[in-house]
Amino acid sequence: MASVTGLEGIVAAETELSMVDGEKGLLIYRGYEAKRLALELSYEEAAYLLWYGQLPTEEQLVDFCVKWSGLRALPAEVKAVIDLLPQEFEMMSVLRTAISAAEETNRGTWSPSLEGALRYTALVPSIIAYRYRRSAGLEPVEPNPQLGHVANYLFMLTGEVPLPAHVKALTAYFILAMEHGMNASTFAGRVVLSTQSDMASALCAAIGAMKGPLHGGAPSEVVHMLDAIATKERAEGWLRQRLDEGQRLMGFGHRVYKTFDPRAEALREMIIRLSADDAWFELAVYVESLATRLLDEYKPGRKLYTNVEFYAAAVLRAVNMPSALFTPTFTVSRMVGWTAHLLEQAGCNRIFRPQSIYIGAMPETAEV
Ligand SMILES: CC(C)(COP(=O)(O)OP(=O)(O)OC[C@H]1O[C@@H](n2cnc3c(N)ncnc32)[C@H](O)[C@@H]1OP(=O)(O)O)[C@@H](O)C(=O)NCCC(=O)NCCS
């Protein structure tokens with residue numbers, strides 16, 4: 001039996017939630033193309049689809065949104081825990097700690113419920129906005145029940161009702177990023193839940209996995225990269241130097257997609273409308289095509305294309321999101337996918353228990 005590094009090609013679960021076809025560049029959520037949903041649905045409608053398996057009727061949607069917005073207020077003990085954390089704590093660490101503090105102790109641990117999924121999903125933007133404003137010396141902004149999940153997130157961060165164009169672009173990003181099969185964070189969450197542990201513990205594991213630069217941390221690195229490149233003239237020298245040093249270009253490459261990431265394409269379309277004459281965006285498009293060409297030259301046959309994070313960076317920048325909040329914002333969107341997977345895992349649970357091959361020393365007396 002040989003080990004498979006990174007578990008590449010190993011099927012760890014069956015899921016009805018999404019299908020990622022890396023050869024055709026397709027992402028399907030419960031029978032619908034995610035690209036289409038991103039342009040046509042509200043985030044709440046797409047979340048309903050993932051959690052309940054079908055789109056809501058108008059009446060169901062109204063009830064669902066009322067219930068959702070009623071769960072946004074942060075409990076006092078969660079605020080107190082957040083306030084105790086040192087200023088240097090990264091937002092993802094704040095989030096992980098605050099979700100721990102928000103654990104529902106009175107509900108028992110098993111099995112996870114849709115109510116829990118909705119509650120944690122509703123709380124995450126409030127945690128981020130509360131911490132962000134407190135760290136900046138600003139008064140926290142209470143959630144606005146008139147606004148949907150995406151608009152309210154921007155509202156709680158800035159204290160202002162956001163522009164409809166910003167809400168539309170961020171909604172598209174949120175829907176495209178909400179679910180993506182057996183990625184590292186979803187897998188981490190499912191593994192924890194499979195021990196019959198509680199939803200908060202599984203979400204803390206998922207948040208920990210999301211924090212790493214190879215998974216959720218890429219978009220802010222994309223902004224740093226484009227800021228460092230600064231002009232089209234400098235782009236080729238900068239990219240070649242990185243590749244000569246054996247470093248990775250953030251926002252490129254994917255374990256599953258061996259063609260264009262459909263999420264990146266959809267976001268590129270969306271962002272063209274928002275930032276058509278923006279010099280930074282023009283540079284991003286230029287760097288995308290140059291980097292794809294250089295990756296083909298340096299890594300022939302590896303099929304490295306732009307991934308969702310590259311244009312996620314452009315969307316987040318266009319809606320004035322501070323780069324320190326890029327990974328936490330990705331987390332806001334992914335909460336629905338994670339919790340849907342946890343519910344699915346609970347419905348057909350068997351504890352995850354892979355094996356390892358021992359390659360260490362043997363005692364001298366051992367028979368081989
Ligand atoms: C996403 C990612 C982690 C997938 O990793 P993976 O499937 O394990 O791919 P591997 O690490 O096996 O890479 C295969 C080859 O392509 C190269 N490669 C992969 N992504 C690369 C990138 N972004 N820049 C340069 N080279 C890259 C690797 O160096 C490796 O080269 P080698 O065969 O000469 O050793 C990887 O592509 C990456 O690190 N991308 C940058 C981070 C990023 O954008 N993350 C967001 C993902 S949505």
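1. Let me begin with the second largest pocket, whose lining consists of 11 nonpolar, 3 polar and 1 charged residues. Please keep in mind that this is a predicted model.

2. How big is the second largest pocket? Its volume comes to about 350 Å³. The second largest pocket is lined by 15 residues, and those closest to its centre are Val4, Leu7, Ile10, Pro354 and Gln355.

3. Now for the largest pocket, which holds about 1,800 Å³ of space. Its lining is made up of 47 residues, with Asn183, His254, Arg255, Val256 and Lys258 nearest the centre. Several elements contribute two or more residues each to this lining: strand 1 (18-21), helix 9 (184-193), helix 14, helix 15 and helix 16 (326-347).

4. What classes of residue line the largest pocket? The lining divides into 23 nonpolar, 15 polar and 9 charged residues.

5. Have a look at Gly301 as well, in the loop that runs between helix 14 (279-298) and helix 15 (308-318). Both of those helices are among the elements that give two or more residues to the lining of the largest pocket.

6. Is Gly301 buried or exposed? Gly301 counts as exposed because its relative accessibility is 65%, and the cut-off for exposed is over 50%.

7. Finally, Gly301 and Lys258 are 43 residues apart along the chain, and 9.9 Å separates their C-alpha atoms. Lys258 is also one of the residues nearest the centre of the largest pocket.

Technical notes:
Residues are numbered from 1 along each chain as its sequence is written. This is a predicted model: local features need pLDDT of at least 70, side-chain atom pairs count only at pLDDT 80 or more; totals for chains, interfaces and linings use all residues. Side-chain values use heavy atoms; hydrogens and water are left out. Helices (H or I, at least four residues) and strands (E, at least two) are DSSP runs, numbered from the N terminus. Buried means under 20% relative accessible area, exposed over 50%, partly exposed in between (1.4 Å probe, protein chains only). On a 1 Å grid over the protein atoms alone, a cavity is a set of points where a 1.4 Å probe fits but cannot get out, and a pocket is an open set with protein on both sides within 12 Å along at least five of seven lines; lining residues have an atom within 4 Å of a point. Grid points are joined across faces, edges and corners, and a volume is the space filled by probe spheres set on the points. Ala, Val, Leu, Ile, Met, Phe, Trp, Tyr, Cys and Pro count as nonpolar, Asp, Glu, Lys and Arg as charged, and the others, Gly among them, as polar.
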